[in-house]
Amino acid sequence: MLSKTLEDALNKQVAMEASASYVYLAMASWMENEGFEGTAQFLYAQSDEERMHMMKLFHYINEVGGYALSPAVAAPDIKFDSYKHVFERVLEQEKKVTAAIHNLMDIATKEADHTTANFLQWYVAEQREEEAQFNTILGKLKILGNDGSGLYLMDRDLAQITAQASAGKSVAE
Ligand code: OFO
């Protein structure tokens with residue numbers, strides 16, 4: 001049975017994942033309007049993933065006897081200074097999510113709630129992968145530069161990554 005403290009903390013995480021999903025959506029729209037079609041597709045897929053993260057938590061809360069709450073989501077920023085700025089914001093956001101997941105894990109461990117700690121392991125691994133991916137993107141941006149041809153290559157790369165990921169998903173389904 002889920003403690004009230006963990007139930008509240010998990011519901012907070014539901015809200016955080018929902019907000020992340022909408023932030024990615026805003027970023028995707030900005031990219032699309034700037035002409036970065038590949039990057040927009042990548043960020044739309046990222047938005048879908050965050051919704052999946054939210055739903056996974058949502059179902060878990062109800063499954064273990066809590067009450068999952070549909071969150072209120074604040075409107076995200078829609079203005080960005082540059083292509084690179086978007087990814088700096090992404091990494092910042094993912095670092096906050098990682099800290100929140102680690103905090104949830106601390107609570108579950110303190111309460112000896114092994115079921116929840118085991119459930120959260122998936123998120124710990126997912127955050128490690130995401131942070132690594134965005135560090136790589138920012139590293140590449142440093143090499144390629146913030147100019148037209150560098151961003152063109154980056155956009156093409158991200159289109160490819162998105163296509164491969166979605167092909168991988170349909171094979172797995
Ligand atoms: Fe990328 O954050 Fe969800 O967990």
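**Ground rules.** I number residues from 1 along each chain as its sequence is written, and I leave hydrogens and water out, since side-chain values use heavy atoms. In this predicted model, local features need pLDDT of at least 70 and side-chain atom pairs count only at pLDDT 80 or more, while totals for chains, interfaces and linings use all residues.

**Entry 1: the largest pocket.** I looked up its volume and found about 430 Å³. A pocket here is an open set of points on a 1 Å grid over the protein atoms alone, where a 1.4 Å probe fits, with protein on both sides within 12 Å along at least five of seven lines; lining residues have an atom within 4 Å of a point. Grid points are joined across faces, edges and corners, and the volume is the space filled by probe spheres set on the points.

H5 gives the largest share, 7 residues.

I also sorted the lining by class: 7 nonpolar, 6 polar and 6 charged residues. Ala, Val, Leu, Ile, Met, Phe, Trp, Tyr, Cys and Pro count as nonpolar, Asp, Glu, Lys and Arg as charged, and the others, Gly among them, as polar.

**Entry 2: the second largest pocket.** This one holds about 170 Å³ of space. I found Met-16, Ser-19, Ala-20, Val-23 and Met-27 in its lining, and also Arg-89, Glu-92, Gln-93, Lys-96 and Val-97. Helix H1 (4-34) and helix H3 (83-110) are the elements that give two or more residues to it. By class I have 5 nonpolar, 2 polar and 3 charged residues.

**Entry 3: H4 and H5.** How do these two helices run, parallel or antiparallel? Their axes come within 9 Å and cross at roughly 150°. Axes are lines fitted to C-alpha atoms, for helices over the stretch in contact, and angles run from 0 to 180 degrees between N-to-C directions. H4 and H5 are therefore roughly antiparallel (over 145 degrees; under 35 would be roughly parallel).

I then listed the contact (heavy atoms within 4.5 Å). H4 brings Gln-133, Ile-137, Lys-140, Leu-141 and Leu-144, and among the H5 residues are Gly-150, Met-154 and Ile-161. The class count is 8 nonpolar, 2 polar and 2 charged residues.

**Entry 4: H2 and H3.** The axes come within 13 Å and cross at roughly 15°, so H2 is roughly parallel to H3. The crossing is left-handed. Thr-39, Phe-42, Leu-43 and Glu-50 of H2 meet Tyr-83, Val-86, Phe-87 and Glu-94 of H3.

**Entry 5: H3 and H4.** Here the axes come within 9 Å and cross at roughly 160°, so I wrote down roughly antiparallel. H3 passes H4 in a left-handed crossing. The contact has 17 nonpolar, 6 polar and 6 charged residues.

Technical notes. Helix = DSSP H or I, 4+ residues; strand = E, 2+ residues; numbered from the N terminus. Parallel < 35°, antiparallel > 145°, perpendicular 65-115°, else oblique. Left-handed = near helix turned anticlockwise from the far one by under 90°.
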